[in-house]
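Have it open beside you as you read.

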Amino acid sequence: MKAAVIESVGKAVVTEVPDPTPGPRDVVVEVAACGLCGTDLHILQGEFAPTLPVVPGHEFAGVVVGLGRDVREVSVGDRVAVDPSLYCYECRYCRSGHNNLCERWAAIGVTTAGGAAQYAVAPVANCVRLPDHVRTEDAALIEPLSCAVRGYDVLNSRLGSHVLIYGSGTMGLMMLELAKRTGAASVDVVDLNADRLATARKLGVSGAGADADELDRPQGWDVVIDATGNAGAIQDGLERVAKAGTFLQFGVADYATRVSIDPYRIYNQEITITGSMAVLHSYERAAELFAGGVLDPDVFISDRLPLDAYPQALDQFASGVGRKIVVVP
């Protein structure tokens, strides 16, 4: 079959690889669409994936075309979205309910072959059937949405909060949509990309600008979310948190990224700094929200490119052009 492969640091190609073989409790999915993510760029940089080469793609959906011998829960022809998370269920973090922090953490498309291919293998337990009205080629959005749902689980934010989001790419816009539905009094967005800010305005924001100083909240925001992973945005965001407020590190920064904190201010103003790592008990809820129309796929997906263009799609994504880019095998 044809697949994208990150062969080595900085090198992605599209080539022929062996067809996947399911284990007893696995299914084979014919991929309808696979989304690109910042994690894919980190893998390209030699981060996250323990070994290369690897077939990337942890955001995907498709049609079941093969079953392991012990699979009864789905049938050939079922349309499914796939949670890429792979946990050991044995370590202290899994046993305490923090599976996303598993000591042997793994994920389809990160540590094992993923959905940037014609076919992908997944445990049947990771497959969520799609209702008839959801287009299979749109359901690649469920995985990033599940990460955003996890982010709001961590925030446990109060009704009436004033929210500031750094970044209006796919993840920032998803956080915007969830903020609107979790009782925020206002939601502001900061981004240097004018086109992306225009999309944020289209979705409905209280304020948007290239700098938080353009927004009218000198006392700060109750909730500040970084969805960029950029050191400058993170540093600025930390300084915009109001008293008793919370800063959520949601964007994925490079390993070497460093910022400064003011310990006295954190103590004196009771500021919370927290993080959100991937998916945790949130994939099925994200699928329900997606089926309920929480996101408009035609707004969120800006580009649908053929699998053969995967290296070019990575370049486009890295340049910040567009929103969610998906490849279609």
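Between which helix and which strand is the loop with proline 53 found?

1. Proline 53 sits in the loop between helix H1 (38-44) and strand S4 (59-67); helices (H or I, at least four residues) and strands (E, at least two) are DSSP runs, numbered from the N terminus. The peptide bond leading from leucine 52 into proline 53 is cis, with omega near 10°.

2. A word on the source: this is a predicted model, where local features need pLDDT of at least 70, side-chain atom pairs count only at pLDDT 80 or more, and totals for chains, interfaces and linings use all residues. Residues are numbered from 1 along each chain as its sequence is written, and side-chain values use heavy atoms, leaving out hydrogens and water.

3. Now please turn to tyrosine 89, in the loop between strand S6 (85-86) and helix H2 (92-95). Tyrosine 89 is not a glycine, yet its phi is positive, near 65°. Its relative accessibility is 59%, so tyrosine 89 counts as exposed (over 50% relative accessible area; buried is under 20%, partly exposed in between, with a 1.4 Å probe and protein chains only).

4. Alanine 244 belongs to strand S14. This residue also is not a glycine and has a positive phi, about 65°. With a relative accessible area of 59%, alanine 244 is exposed.
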